[in-house]
Amino acid sequence: MTAKGFTALEILVSLAIMALLVVVSIGSFSKVQNTMYLDGAVESVSSLIREARSRTLASDGGSQFGVYFETKRAALFRGVSFSEGEPDNKVYNLPDKAEIININFPANSVVFKRMTGDTEVLGDVSIKLKNASNVKKILINEVGLIYVE
């Protein structure tokens, strides 16, 4: 008479293979999630910069606009320099996992010129995830165009 079914060894091997697949997929999911956090932060900061340039080109309120950068936030402001607490400021707080690590603009801000959308100097900001090596750089050239690398 032949026995039908699985042996204990076959069941243990199957469970070990499934556990290994779970561990590998969790690691991959974590990397994908980190990439999504970083991409989201970069896109939000880039959008704020684009909005500042667009509002300047449109002469919104007859003003020029800029973006001020700090480690945990970026703020769109009206005028030639950032002033904390102004009601027109539009602040974007980075997610807890992300931070701005390099700010290469005078006075930590970029300001766009009316009518042309140009900037005084080219510069960049780098955004990094706190517990990962992922870094993305937002570059702004002299004519106000934005590039992400």
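**The nonpolar core**

The largest nonpolar core has 26 residues, and V45, I49, V67, F69, I127 and I138 touch the most other members. A nonpolar core is a set of buried Ala, Val, Leu, Ile, Met, Phe, Trp, Tyr and Cys residues joined through side-chain atoms within 4.5 Å. At least two residues of this core come from each of α1 (8-57), β1 (65-69), β2 (73-78), β4 (98-103), β6 and β7 (135-140). Helices (H or I, at least four residues) and strands (E, at least two) are DSSP runs, numbered from the N terminus. Apart from this core lies another, of five residues, including Y68, A75, F82 and V111.

This is a predicted model, in which local features need pLDDT of at least 70, side-chain atom pairs count only at pLDDT 80 or more, and totals for chains, interfaces and linings use all residues. Residues are numbered from 1 along each chain as its sequence is written, and side-chain values use heavy atoms, with hydrogens and water left out.

Let us turn to S126, in strand β6 (residues 123-129). Is S126 buried or exposed? S126 is buried, with a relative accessible area of 4%; buried means under 20%, exposed over 50%, and partly exposed in between (1.4 Å probe, protein chains only). Beyond its neighbours within four places in sequence, S126 is in contact (heavy atoms within 4.5 Å) with E99, I100, I101, N102, V135, K136 and K137.

Finally, confidence: the protein chain averages a pLDDT (the predictor's confidence in each residue, from 0 to 100) of 91.
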